[in-house]
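Here is a note for a colleague who is meeting this structure for the first time. Please keep the model open while reading the numbered points.

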Amino acid sequence: MTADTVSLTDLRAFERDLLYAVCALEDGEPPKGLTIKARLDSEYGEDLNHSRLYQNLDRLVERNLITKGRKDDRTNEYATTDHARQLLVEHAQRCASAVGLTGGDLA
């Protein structure tokens, strides 16, 4: 399966949440793993297992939906790919449409 053929429906719910979190945290620079974990801890209302987080981040890297870079010797940073951002926008539009939100309603 190439990056172009991966869709959000191919992902597990946690992987989709992770992808949305990485995208939301990209503000000038890619977020590090612990920043992503803190966001999901807050959203889920529980402390996520580090292993679960990093295994799923690696799976998204393998599927070419996020990139993994080195911030320093101990810290990785993650960023969504163009294809992943396109998938997220399309998914958000489908969800908005499903609940009757369109155009100006989304602002």
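1. Ile66 belongs to strand β1, which covers residues 66–70; helices (H or I, at least four residues) and strands (E, at least two) are DSSP runs, numbered from the N terminus. Ile66 is buried, because its relative accessible area is 2%, where buried means under 20% relative accessible area, exposed over 50%, and partly exposed in between, with a 1.4 Å probe and protein chains only. Once neighbours within four places in sequence are left aside, Ile66 is in contact with Leu19, Val22, Leu57, Leu60, Val61, Tyr78, Ala79, Thr80 and Thr81, contact meaning heavy atoms within 4.5 Å. Between the C-alpha atoms of Ile66 and His83 there are 9.2 Å in space, while the two residues are 17 apart in sequence.

2. A word on the basis of these values: the model is predicted, so that local features need pLDDT of at least 70 and side-chain atom pairs count only at pLDDT 80 or more, whereas totals for chains, interfaces and linings use all residues. Residues are numbered from 1 along each chain as its sequence is written, and side-chain values use heavy atoms, with hydrogens and water left out.

3. For the chain as a whole, the secondary structure comes to four helices and two strands, which follow the pattern α-α-α-β-β-α when read along the sequence. Buried residues make up 35% of the 107 residues, and among contacts between residues at least 6 apart in sequence, 52% join residues at least 24 apart.

4. How do α1 and α3 cross? The axes of α1 and helix α3 (residues 50–62) come within 10 Å and cross at roughly 80°, which makes α1 roughly perpendicular to α3. Axes are lines fitted to C-alpha atoms, for helices over the stretch in contact, and angles run from 0 to 180 degrees between N-to-C directions; angles under 35 degrees count as roughly parallel, over 145 as roughly antiparallel, 65 to 115 as roughly perpendicular and the rest as oblique. Phe14, Glu15, Leu18, Leu19 and Val22 on the α1 side meet Arg52, Leu53, Asn56, Leu57, Arg59 and Leu60 on the α3 side. By class, this contact has seven nonpolar, one polar and three charged residues, with Ala, Val, Leu, Ile, Met, Phe, Trp, Tyr, Cys and Pro counted as nonpolar, Asp, Glu, Lys and Arg as charged, and the others, Gly among them, as polar.

5. Asn56, which lies in helix α3, is buried with a relative accessible area of 7%. Leaving aside neighbours within four places in sequence, Asn56 is in contact with Arg12, Phe14, Glu15 and Leu18.

6. Helix α1 (residues 13–25) also meets helix α4 (residues 82–98), their axes coming within 11 Å and crossing at roughly 110°, and the two helices are therefore roughly perpendicular to each other. Leu19, Tyr20 and Cys23 in α1 meet Ala84, Arg85, Leu88, His91 and Ala92 in α4, and the residues of this contact divide into six nonpolar, one polar and one charged.

7. Thr75 is found in the loop between β1 and β2 (76–80) and is buried, with a relative accessible area of 19%. Not counting residues up to four places away in sequence, Thr75 touches Lys32, Gly69 and Arg70.
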